Amino acid sequence: MVRLSVLTIFLLGFPLHILASLSPPQGFLINCGSTEEKTYNDVTWIPDGDYINVGNVSTIKFPDLMPMLATLRYFPDMSARKYCYMVPVTKGANYLVRTTYYYGGFDAGDVPPVFDQIIEGTKWSLVDTRENYAKDMASYYEVIVGATGRTLSVCLARNENTTSSPFISAFELMRLEDSVYNATDFSMYALSTIARHRFGYDGPMVGYPDDQFNRYWEAYTDKNSVTTSKSNTTSVEFWNLPPDAVFSTGLTTSRVDNLTVQWPPMPLPPADYYVALYFQDDRSPSLFSWRTFDVLINGEVFYKGLNVSTGGTMVYSASWPLLGLTTITLVPDVNSPIGPIINAAELLMVVPLGGRTHPRDVIGMMALAKEFGKTPPDWSGDPCLPAGNSWTGLSCSEDNLARVISLNLTNYGLGGSISENIANLTGIKSIWLPGNQITGTIPEMGTLRQLAFLHLENNQLTGSISQSLGTLPKIQEIFIENNNLDYTIPDNLKNKTGLVLQVSP
């Protein structure tokens, strides 16, 4: 049986019975590589075929393996720049995305491959499960992201260190309430989970149903005294909606002593982090059930004069710089009747988003992909981004809202027709689609004011030559010979200055 790993930066482990989480419509639990629904702990995992159309599937034949780890999808095609899942979402909503990996030697190898993870147009993290797999452990990665459209793409991609096929075992997506992590501008940033712990607790991980979003809360104890709460806390009063269970225990010290906690237990790379700390007075409610202290992180004041009652409280920073080992120090007020306490904490790295393709170009490219009979395997996800992982055949601008500037799928074996939504690609300069089996008509292209080169020769196009081509101010070449067109040339193309026009005789 695969077992849990310790919580490490970017690479997190889990007790496998917690893997079962929210069921639709609150989220998607996708069992990658499976061809049928699987039920585990009364929760149903669905096959992934509706959300991806590339890759191969494999079964891990280990005894007693959980069903969501017993199959996987892998991607042997080395020509593809990325391999993407596309899941329907609500535009403007925020989501927790979790990807899970268990190698199992599916390709007869001994060591899992290393590869990249992409969320929309941003490289989210490196997937390196080698250490955990050597200990017979599965691994997961988690990110909080905002939906900018009606679908959300999560992709894998090769990098210079990838020596075999990238793979994935499970993929989860849970919608969050609007208040959760709402101090973050998700149009600019994502949050990558680094650590989430409940203090003074050494039992199994807390997840669903205690946490309605199935966030995983690890156990954490140290040399400090452990206390158990004697009062209830209503977590709905907290923006981040932590589970009530995380307030049931805590770390504390005497009235005159500082409470020092080294957390998280591993050193951090230099970055800005979202930090949330949770506190509750552990005594029975009364007029004296409160305590006051300052909160310091690495010696800097994080919050001064925090007054904690039995109702509980949370303090946070949406962007706090950290590096290396981190120490939380709680300094009691001289008038506080009792020492400080801490119950739980979350730490998420602030990840700047890498931009995205202009929405009108996304519409245009998605329509082209739908109409063509055959497209490259990486024609899914963001068309232009990240840089180096654009769709095969595309060149794009380097703007934050990237524009498609060139499309070249010469002799690729395309079929189908050219969508009229090609008119959305208003930044494109060259279109090279010769040597395919494209049918239908040449659509209106009058909006493509930057287009200089149009090559559609050696296809099976029919109909007339569009007069819109004669209105293009920068057009230099139009090659449309060897099609089944009516080669009557529109007047505005005849003798057009600077134009090389090639048509069938």
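## Close-up views: pockets, aromatic pairs and cysteines

**View 1. The lining of the second largest pocket comprises 10 nonpolar, 5 polar and 3 charged residues.** Here Ala, Val, Leu, Ile, Met, Phe, Trp, Tyr, Cys and Pro count as nonpolar, Asp, Glu, Lys and Arg as charged, and the others, Gly among them, as polar. The structure is a predicted model, in which local features need pLDDT of at least 70 and side-chain atom pairs count only at pLDDT 80 or more, whereas totals for chains, interfaces and linings use all residues. Residues are numbered from 1 along each chain as its sequence is written, and side-chain values use heavy atoms, with hydrogens and water left out. The second largest pocket holds about 320 Å³ of space (a pocket is an open set of points on a 1 Å grid over the protein atoms alone, where a 1.4 Å probe fits, with protein on both sides within 12 Å along at least five of seven lines, and lining residues have an atom within 4 Å of a point; the volume is the space filled by probe spheres set on the points). Of its 18 lining residues, Asn-53, Met-86, Met-366, Trp-379 and Ser-380 lie nearest the centre of this pocket. Strand S6 (83–88) and helix H2 are the elements that give two or more residues to this lining, and H2 supplies the largest share, 3 residues (helices, H or I of at least four residues, and strands, E of at least two, are DSSP runs numbered from the N terminus).

**View 2. The largest pocket, with about 740 Å³ of space, is lined by 29 residues.** Glu-120, Thr-148, Gly-149, Arg-356 and Thr-357 are the lining residues that lie nearest the centre of this pocket. Two or more residues of the lining come from each of strand S10 (139–146), strand S11 (151–157), strand S26 (356–357) and helix H2 (359–371), with H2 giving the largest share, 4 residues. By class, this lining divides into 12 nonpolar, 12 polar and 5 charged residues.

**View 3. Two of the aromatic pairs are shown, out of 27 that the structure holds.** The rings of Phe-75 and Tyr-83 are stacked, 4.7 Å centre to centre and with 20° between the planes, and both Phe-75 and Tyr-83 are buried (rings of Phe, Tyr and Trp, the last by its six-membered ring, pair if their centres lie within 6.5 Å, and planes under 30 degrees apart count as stacked, over 60 as edge-to-face and the rest as tilted). Tyr-103 and Phe-167 instead form a tilted pair, at 5.8 Å centre to centre and 50° between the planes. This pair links distant parts of the chain, 64 residues apart, since Tyr-103 belongs to the loop between strand S7 (94–101) and strand S8 (115–119), and Phe-167 to strand S12 (residues 167–168). Tyr-103 counts as buried because its relative accessible area is 2%, and Phe-167 is likewise buried at 0% (buried means under 20% relative accessible area, exposed over 50%, and partly exposed in between, with a 1.4 Å probe and protein chains only). Both residues belong to one aromatic cluster whose members include Phe-62, Tyr-74, Phe-106 and Tyr-141.

**View 4. Charged groups sit over the rings of Tyr-216 and Tyr-412.** The charged end of Arg-98 is 3.8 Å from the ring centre of Tyr-216, while Lys-374 lies over the face of Tyr-412, at 5.2 Å from the ring centre (the criterion places NZ of Lys or CZ of Arg within 6 Å of the ring centre and within 35 degrees of the ring normal).

**View 5. The structure holds 2 disulfides, one of them between Cys-84 and Cys-155.** The sulfur atoms of Cys-84 and Cys-155 are 2.1 Å apart (a disulfide is a pair of cysteine sulfur atoms within 2.5 Å), and this link is right-handed, with 105° about the S-S bond. It joins distant parts of the chain, Cys-84 in strand S6 and Cys-155 in strand S11, 71 residues apart, and both cysteines are buried.

**View 6. Cys-384 and Cys-396 form a disulfide, with their sulfur atoms 2.1 Å apart.** The link of Cys-384 and Cys-396 is left-handed, with -75° about the S-S bond. Cys-384 lies in the loop between H2 and strand S27 (394–396), and Cys-396 in strand S27, 12 residues apart. Cys-384 is buried, with a relative accessible area of 4%, whereas Cys-396, at 22%, counts as partly exposed. When the bonded cysteines of the protein are numbered in sequence order, the pairing reads 1-2, 3-4.
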